[in-house]
Amino acid sequence: MYLQGVQNVEIPKRPRGGGSVAGAAPAAQQRLGERRAAVAVLLNWRPQYGIPFYLQYLAHWPEYFIVAEAPGGELMGYIMGKAEGSVAREEWHGHVTALSVAPEFRRLGLAAKLMELLEEISEKKGGFFVDLFVRVSNQVAVNMYKQLGYSVYRTVLEYYSASNGEPDEDAYDMRKALSRDTEKKSIIPLPHPVRPEDIE
């Protein structure tokens with residue numbers, strides 16, 4: 001597990017509960033970086049997806065796989081995404097596939113920093129916007145993304161499959177325009193919901 005493209009980021013306060021990051025001073029700096037072989041770490045952290053899914057992302061979009069690690073080696077969080085869409089139709093964009101922060105490292109600004117790094121990668125790749133999908137019921141996440149400058153572009157009906165006989169759940173497709181979209185056309189909300197099969 002090698003860390004590439006390392007950046008130092010000042011964490012504004014200690015983790016909740018008065019604890020500190022193992023092996024670090026209270027004002028410790030955390031390391032953020034691109035990981036080519038982060039799958040093994042994530043598997044020890046109850047990932048949302050299976051091994052083939054992570055390997056596909058690492059193989060195709062390694063620059064979009066960013067892991068935040070504490071000085072003691074603890075996994076603080078990660079973000080993974082990809083670049084997709086049509087340049088000709090001004091739909092080339094960065095997509096956030098997963099963002100997760102360990103409970104003990106929440107409310108430190110880490111999710112915002114990971115999102116910022118993914119947005120910077122998307123800017124460098126000439127994207128028009130960054131998008132993500134979030135459950136309509138997850139108002140904490142929806143509000144966080146709104147604070148980061150995202151807005152609801154459309155509702156996708158029954159995007160998330162349910163288990164245990166529960167009904168499927170709708171998603172918001174949230175977007176944030178990047179500098180290439182000077183007229184902000186990519187974030188003009190659609191007036192009607194769409195179905196998953198209508199998404200390109």
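1. Among contacts in the protein chain between residues at least 6 apart in sequence, what percentage join residues at least 24 apart? The figure is 64%, where contact means heavy atoms within 4.5 Å. The model is a predicted one, in which local features need pLDDT of at least 70 and side-chain atom pairs count only at pLDDT 80 or more, while totals for chains, interfaces and linings use all residues. Residues are numbered from 1 along each chain as its sequence is written, and side-chain values use heavy atoms, with hydrogens and water left out.

2. Four helices and eight strands make up the secondary structure of the protein chain, and along the sequence they follow the pattern β-β-α-α-β-β-β-α-β-α-β-β. Helices (H or I, at least four residues) and strands (E, at least two) are DSSP runs numbered from the N terminus. Of the 200 residues in the protein chain, 42% count as buried, with buried meaning under 20% relative accessible area, exposed over 50%, and partly exposed in between (1.4 Å probe, protein chains only).

3. The largest pocket has a volume of about 1200 Å³, and its lining consists of 35 residues, of which L99, N138, A141, M144 and Y145 lie nearest the centre. Two or more lining residues come from each of α2 (51–60), β5 (93–101), α3 (110–124), β6 (129–135), α4 (139–147) and β7, and β5 gives the most, with seven residues. By class, this lining has 23 nonpolar, eight polar and four charged residues; Ala, Val, Leu, Ile, Met, Phe, Trp, Tyr, Cys and Pro count as nonpolar, Asp, Glu, Lys and Arg as charged, and the others, Gly among them, as polar.

4. On method, a pocket is an open set of points on a 1 Å grid over the protein atoms alone where a 1.4 Å probe fits, with protein on both sides within 12 Å along at least five of seven lines, and lining residues have an atom within 4 Å of a point. Grid points are joined across faces, edges and corners, and a volume is the space filled by probe spheres set on the points.

5. The second largest pocket holds about 430 Å³ of space and is lined by 23 residues, of which E91, H93, R154, R175 and E200 lie nearest its centre. Its lining divides into six nonpolar, five polar and twelve charged residues, and β4 (75–84), β5, β6 and β7 each supply at least two of the lining residues.

6. R154, one of the residues nearest the centre of the second largest pocket, is found in strand β7 (residues 151–160) and counts as buried because its relative accessibility is 12%. Its side chain is joined to that of D173 by a polar contact of 2.8 Å, a term for a pair of N or O atoms within 3.5 Å of which, within protein, one must be able to donate a hydrogen and the other to accept it, residues adjacent in sequence counting only if both atoms are side-chain atoms. Leaving aside neighbours within four places in sequence, R154 is in contact with A171, Y172, D173, R175, L190, V194 and I199.

7. In α4, A141, V142 and Y145 are buried; seen down the helix axis, the buried residues fall within an arc of 100°, so they line one face of α4, the arc being that of the directions from the helix axis to the C-beta atoms. On the other side of α4, V140 and Q147 are exposed, whereas the cover over the buried residues includes β5, α3, β6 and β8 (169–177).
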